[in-house]
Amino acid sequence: MVFGMETNNHIFVIIKPGFLDRAKDIINIFRRNGWVLSRTRTKQLTINEAKMIYKTLQDEPFYKELVKYMSSDPSMGIIFSKPGRISKRTFDQTKKIKDYVRSKWSINDCRNVIHSSDSLSNMERESKFYF
């Protein structure tokens with residue numbers, strides 16, 4: 001389990017294909033918000049891995065396009081951490097950062113720069129494809 005330490009908040013983020021040139025900028029935004037870079041891994045997801053990461057969206061009309069896009073080129077999985085227990089507030093903070101990053105660099109709803117897990121269970125499931 002990647003997120004087994006109860007004394008730290010951990011979050012999982014994916015920088016999507018086509019935006020790896022923004023990795024340094026995105027990492028710095030998280031750092032300015034108190035997060036410490038713990039791990040990164042760049043890889044190209046298979047279609048099946050992308051399907052599993054986004055399985056909670058499988059009933060959405062954009063699901064097939066998203067899966068195809070996420071497996072089209074390399075992406076970067078990132079784990080950030082900071083002291084404190086993981087909570088709903090952790091995911092609320094992450095969403096605010098994600099929304100800010102998306103507002104700066106997104107191309108469209110699918111090519112929206114970054115993914116962040118929205119719950120502990122999704123974070124543990126999604127991060128396994130990178131770490």
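Author: Helices and strands are DSSP runs, numbered from the N terminus: a helix is H or I over at least four residues, and a strand is E over at least two. The model is predicted, so local features require pLDDT of at least 70 and side-chain atom pairs pLDDT 80 or more, whereas totals for chains, interfaces and linings use all residues. Residues are numbered from 1 along each chain as its sequence is written, and side-chain values use heavy atoms, with hydrogens and water left out.

Reader: How many helices and strands are there in the protein?

Author: The protein contains five helices and four strands. Along the sequence they follow the pattern β-α-β-α-α-β-α-β-α.

Reader: What makes the protein as compact as a globular protein of that length?

Author: The comparison is between the radius of gyration, taken over C-alpha atoms, and the globule rule, which is 2.2 Å times the number of residues to the power 0.38. The radius of gyration is 14 Å and the rule gives 14 Å for 131 residues, so the protein is as compact as a globular protein of that length. The C-alpha trace spans about 35 × 30 × 25 Å along its principal axes.

Reader: Why is Arg125 called buried?

Author: Buried means under 20% relative accessible area, exposed means over 50%, and partly exposed lies in between, with a 1.4 Å probe and protein chains only. Arg125 has a relative accessible area of 16%, and therefore counts as buried. It belongs to helix 5. Apart from neighbours within four places in sequence, Arg125 is in contact (heavy atoms within 4.5 Å) with Met52, Ile53, Lys55 and Thr56.

Reader: How do you know that Asn122 counts as buried?

Author: Its relative accessibility is 12%, so Asn122 falls under the limit for a buried residue. Asn122 also lies in helix 5. With residues up to four places away in sequence not counted, it touches Thr56 and Ser117.

Reader: Why is helix 5 called largely enclosed by the rest of the structure?

Author: Six of its eight residues are buried, and therefore helix 5 is described as largely enclosed by the rest of the structure. The buried residues are Asn122, Met123, Glu124, Arg125, Glu126 and Ser127. Over the whole protein, buried residues make up 46% of the 131 residues.

Reader: Which residues touch the most other members of the largest nonpolar core?

Author: A nonpolar core is a set of buried Ala, Val, Leu, Ile, Met, Phe, Trp, Tyr and Cys residues joined through side-chain atoms within 4.5 Å. The largest one has 35 residues, of which Ile26, Phe30, Met70, Phe80 and Val101 touch the most other members. Strand 1, helix 1 (23–32), helix 2 (47–53), helix 3 (63–70), strand 3 (75–83) and helix 4 (88–105) each supply at least two residues of this core. Leaving aside neighbours within four places in sequence, Met70 is in contact with residues including Ile14, Leu45 and Tyr54.

Reader: How many aromatic pairs does the structure hold?

Author: The structure holds three aromatic pairs. Rings of Phe, Tyr and Trp (its six-membered ring) pair if their centres lie within 6.5 Å; planes under 30 degrees apart count as stacked, over 60 as edge-to-face and the rest as tilted. Phe12 and Tyr130 are 5.7 Å apart, centre to centre, with 50 degrees between the planes, so the pair is tilted. Phe12 lies in strand 1 (residues 8–15) and Tyr130 in the segment after helix 5 (120–127), so the pair ties together parts that are 118 residues apart in sequence.

Reader: What lies over the face of Tyr130?

Author: Lys43 lies there, at 6.0 Å from the ring centre. The criterion requires NZ of Lys or CZ of Arg within 6 Å of the ring centre and within 35 degrees of the ring normal.

Reader: Where does Val113 lie?

Author: Val113 is in the loop between helix 4 and strand 4 (114–116). It has a positive phi of about 75 degrees although it is not a glycine. Its relative accessible area is 0%, and therefore Val113 is buried.
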